[in-house]
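Visitor: I am new to this structure and would like a close look at a single part of it. Please take the sheet, and explain what surrounds it and which residues in and around it deserve attention.

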Amino acid sequence: MEQILDPGLTICDPHIHIWANSDDRFMLDELRAETGSGHRIVSTVFVECRSGYRVDGPEAFRPVGETEFVVAADPDGFIAGIVGYADLRDPEIDDVLAAHIDAGAGRFRGVRNNSAWDASVDLQRAPNGLLAEKEFRAGFAALERTGLSFETWLYHPQLPELADLARAQPGVSIIVNHLGGPIADGPYRGHRPEVLEVWRAGVRDLAACANVTMKLGGIGMSYFGMDWHEHPEATTSEELAAVWGEEIRWCIEQFGVERCMFESNFPVDRMSCSYAVLWNGFKRMTADASDAERACAVPRHGDAHIPPLTMSAVPAGRDAPGA
């Protein structure tokens with residue numbers, strides 16, 4: 001625990017997960033315990049993590065069970081938005097999205113497809129070239145028809161692929177997760193300056209696409225190579241700000257406050273720091289921002305998230321299933 005900085009600052013956390021696995025539980029009680037640790041978290045957005053899928057029925061519709069799972073777990077709406085999974089390559093995608101929207105009871109906001117691929121086998125989490133597939137792009141167009149957003153978790157060398165998709169479909173609001181994935185794991189370990197150089201070029205290109213928003217977070221994942229999860233001493237907010245503050249402030253400069261949102265990525269990022277420390281770190285990174293910037297809530301491109309910039313928002317071996 002640390003003393004909470006700016007405890008009155010209202011925050012929507014736009015990237016959390018809940019799950020109830022046989023060997024791990026993170027449900028609403030655990031989420032409330034984290035968000036109630038001192039910061040003023042007024043709402044959250046759930047992002048798909050393969051929880052609560054239907055166990056029978058057509059394969060394409062089984063992920064709708066996750067939307068049903070979240071609504072049942074939180075009938076009061078602290079989880080104000082739901083970003084689920086749907087295979088955009090499926091020919092029944094319009095019906096699948098309609099089922100998600102119906103199950104979400106007004107909370108279903110968008111779809112996330114993991115597209116993280118690298119030549120290193122250890123980093124492959126999705127098919128190579130997913131974002132360019134003909135079937136994927138045909139299904140992607142369904143998001144514009146339904147007014148839903150698209151989210152993706154990918155690695156920094158893939159940012160040009162996402163920019164190409166954004167330019168091809170400017171009517172779809174795209175949210176790139178976890179800073180656009182400046183990976184420092186596998187073959188990238190020990191090469192952070194080179195990684196950041198390639199990452200910055202990709203982010204600049206992506207920021208030129210008006211329909212793209214950046215989530216600022218994911219910095220506690222082991223993929224990012226800081227190894228905080230292995231340190232004997234607890235990570236502090238000063239450490240978080242020292243390591244990631246420059247890059248996060250640079251992202252805000254590229255996208256503008258209207259197209260950035262801080263995210264906790266909890267409970268995944270819990271491997272490296274506490275919830276209270278993480279948000280203290282974000283607040284330290286933006287200590288020079290004006291009150292107006294910190295209170296930014298300008299509607300944009302489909303109003304896919306609430307609010308657009310999260311701090312009311314300024315600005316284990318194997319990772320847990322959410323990421």
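Guide: What follows goes through the sheet, the helices on it and some residues in its strands and loops.

The model is a predicted one. The protein has nine helices and 10 strands. Its radius of gyration is 18 Å, close to the 20 Å that the globule rule gives for 323 residues, so the protein is as compact as a globular protein of that length. The C-alpha trace spans about 50 × 40 × 40 Å along the principal axes. Of the 323 residues, 57% count as buried.

The part in question is an open sheet of eight strands with parallel pairing, and the strand order is β1-β4-β5-β6-β7-β8-β9-β10. At the edges are β1, residues 10-16, and β10, residues 260-262, each of which pairs on one side only. On average, neighbouring strands in this sheet are turned by 25° against each other, direction ignored. As background, strands of a sheet pair through backbone hydrogen bonds, either parallel or antiparallel.

Two of the pairings can be followed in detail. Strand β7, residues 149-152, runs parallel to β8, residues 174-176, and three bridges link them. In this pair, Glu 151 is opposite Ile 175 of β8. Strand β8 also runs parallel to β9, again with three bridges. Here the bridge partner of Val 176 is Met 214 in β9.

Five of its five residues are buried, so β9 is largely enclosed by the rest of the structure. Val 212, Met 214 and Leu 216 point one way from the strand, while Thr 213 and Lys 215 point the other way. Both sets are buried, the lysine included.

Helices lie against the sheet. Helix α2, residues 64-73, lies across β4 (40-47), β5 (79-84) and β6 (108-112). Its direction is at about 165° to that of β5. Helix α8, residues 275-285, also packs on the sheet, where it touches β1, β4, β9 and β10. The direction of α8 makes about 115° with that of β1.

His 15 belongs to β1. With a relative accessible area of 0%, His 15 is under the 20% limit and therefore buried. Its side chain makes a polar contact of 3.4 Å with the side chain of Glu 263.

Arg 112 lies in β6. This arginine counts as buried, at 2% relative accessibility. Its side chain has two partners to describe. One is the side chain of Glu 48, joined to that of Arg 112 by a polar contact of 2.9 Å. Another is the side chain of Asn 177, where the polar contact with Arg 112 is also 2.9 Å. Along the chain, Arg 112 and Asn 177 are 65 residues apart, yet their C-alpha atoms are separated by 9.6 Å.

Asp 74 is in the loop between α2 and β5. Asp 74 counts as buried, at 1% relative accessibility. A polar atom of its side chain lies 2.6 Å from the backbone nitrogen of Ile 79. Leaving aside neighbours within four places in sequence, Asp 74 is in contact with Leu 28, Ile 79 and Arg 107.

The remaining residues concern backbone geometry. Most residues other than glycine have a negative phi, and most peptide bonds are trans. Arg 50, in the loop between β4 and α2, has a positive phi, near 65°. Arg 50 is partly exposed, with a relative accessible area of 46%. Asn 265, in the loop between β10 and α8, also has a positive phi, near 55°. Asn 265 counts as buried, at 0% relative accessibility. The loop between β10 and α8 also contains Pro 267. A cis peptide bond, with omega about 10°, joins Phe 266 to Pro 267.

To go back over the part: the sheet is open, with eight strands in parallel pairing. Helix α2 lies across β4, β5 and β6, and α8 touches β1, β4, β9 and β10.

Methods:
Residues numbered from 1 in each chain as written. Predicted model: local features only at pLDDT ≥ 70, side-chain atom pairs only at ≥ 80, totals over all residues. Heavy atoms only, no water. Pairing = 2+ DSSP bridges. Helix = DSSP H or I, 4+ residues; strand = E, 2+ residues; numbered from the N terminus. Axes fitted to C-alpha atoms, helices over the stretch in contact; angles between N-to-C directions. Contact = heavy atoms within 4.5 Å. Rg over C-alpha atoms; globule rule 2.2 N^0.38 Å. Buried < 20%, exposed > 50% of the residue type's maximum accessible area, 1.4 Å probe, protein only. Polar contact = N/O pair within 3.5 Å; in protein donor to acceptor, adjacent residues only side chain to side chain.
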